[in-house]
Amino acid sequence: MRLILLGPPGAGKGTQAEFITAAYSIPHISTGDILRQNVKEGTELGKQAKTYMDRGDLVPDALIFDMVEDRFAQPDTVNGFLLDGFPRNETQAQTLDTMLQRKGQSIDAVILIQADKQLLIERAVGRRVCRNCGATYHLVNRPSAKGTHCEKCDTELYHRPDDVEETIKNRIEVYESQTQPLIEYYTRQGKIVSVDGTKPVAEVSNAIRQAL
Ligand code: ADP
Ligand code: AMP
């Protein structure tokens, strides 16, 4: 399975990625996670990407393409993958198609998760992420049983610097202007599977399972 998760920030892509990757035994490739790891490690890529990420703007395509090519070169991607946060604009979508065509591959389905703006803001403001394993919680919707620490690895949770209201609003605008056109792009390819992201986590998972 070669899948893409498409949807605005806070829609629940990372949350749903957990069950999809387990069900299909495919790796979860989140460009946001890879970038945050680079920022944490202070790599050259991380230094270049950080200013864009802190503002909630897209990181330049050239940096993203090198990063994605490197990730695709790893052996765990041979039987499929779940892309989360990539592609983010039409250039990235076209480049992805070209990259896959060169290998005689293509995307099987694009899972579109949507929710209204107010809900997206509430979800992102309340999101807390484990510094170590990346597990995602929500202060109200999905609190950690260990409070300020991760249930899985006991590491402290953090509030992403781009999960403050002003930056989230910009990220939603960036999504609407640059990423939303991909719905049309993948509809033309007949690949969109659409689910209602406002429903509880288990209901969204069920809808995705049935659609796939
Ligand atoms: P994305 O990866 O699309 O930015 P996340 O999966 O990180 O979104 O979800 C954003 C926040 O909303 C997280 O705190 C998560 O726990 C919470 N969340 C995700 N899906 C749901 C849902 N269906 N109902 C309620 N809260 C959710
Ligand atoms: P995410 O974790 O998907 O919410 O992404 C966090 C931030 O990383 C975004 O606001 C962008 O600054 C950057 N980013 C992640 N993926 C991409 C991408 N495919 N293209 C450009 N920027 C990206």
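This is a predicted model: local features need pLDDT of at least 70, side-chain atom pairs count only at pLDDT 80 or more; totals for chains, interfaces and linings use all residues.
**The neighbours of β5**

Together with β5 they form an open sheet of three strands, in the order β6-β5-β7, with antiparallel pairing. Because β6 and β7 (157-158) stand at the edges with a single partner strand each, one side of each is left without a neighbour in the sheet. In general, the strands of a sheet pair through backbone hydrogen bonds, in a parallel or an antiparallel manner.

Select V129 and T136: T136 is the bridge partner of V129 in β6. Then select R127, which stands opposite H138 in β6.

Follow the chain from β5 into β6. The two strands make a hairpin with five residues between them, and G134 takes a positive phi near 80° there.

Turn to the other side of the pairing. β5 and β7 are joined in the antiparallel sense over two bridges. Select V129 again, this time with Y158, its bridge partner in β7.

**The surroundings of ligand 1**

How far does a polar side-chain atom of R127 lie from an oxygen atom of ligand 1? The distance is 2.6 Å. Select G14 next: a polar backbone atom of this residue is 2.9 Å from an oxygen atom of the ligand. At V201, look at the backbone, where an N or O atom lies 3.3 Å from a nitrogen atom of ligand 1.

Show a surface around the ligand. On its own, ligand 1 has 560 Å² of accessible area, and the protein covers 91% of this. Which elements give two or more residues to the shell around ligand 1? They are α1 (13-24) and β6 (136-138).

Finally, select the whole shell. Ligand 1 has 18 residues around it, and those that come nearest are K13, T15, R127, Y137 and K199. Colour the shell by class to see six nonpolar, eight polar and four charged residues.

Methods: Residues are numbered from 1 along each chain as its sequence is written. Chains are lettered from A and ligands numbered from 1 in the order in which they are written. Side-chain values use heavy atoms; hydrogens and water are left out. A residue is near a molecule or strand if one of its heavy atoms lies within 4 Å of it. A polar contact is a pair of N or O atoms within 3.5 Å; within protein, one must be able to donate a hydrogen and the other to accept it, and residues adjacent in sequence count only if both atoms are side-chain atoms. Accessible areas come from the Shrake-Rupley method with a 1.4 Å probe; for residues, only the protein chains shown count as cover. Helices (H or I, at least four residues) and strands (E, at least two) are DSSP runs, numbered from the N terminus. Ala, Val, Leu, Ile, Met, Phe, Trp, Tyr, Cys and Pro count as nonpolar, Asp, Glu, Lys and Arg as charged, and the others, Gly among them, as polar. Two strands pair if DSSP finds at least two bridges between them.
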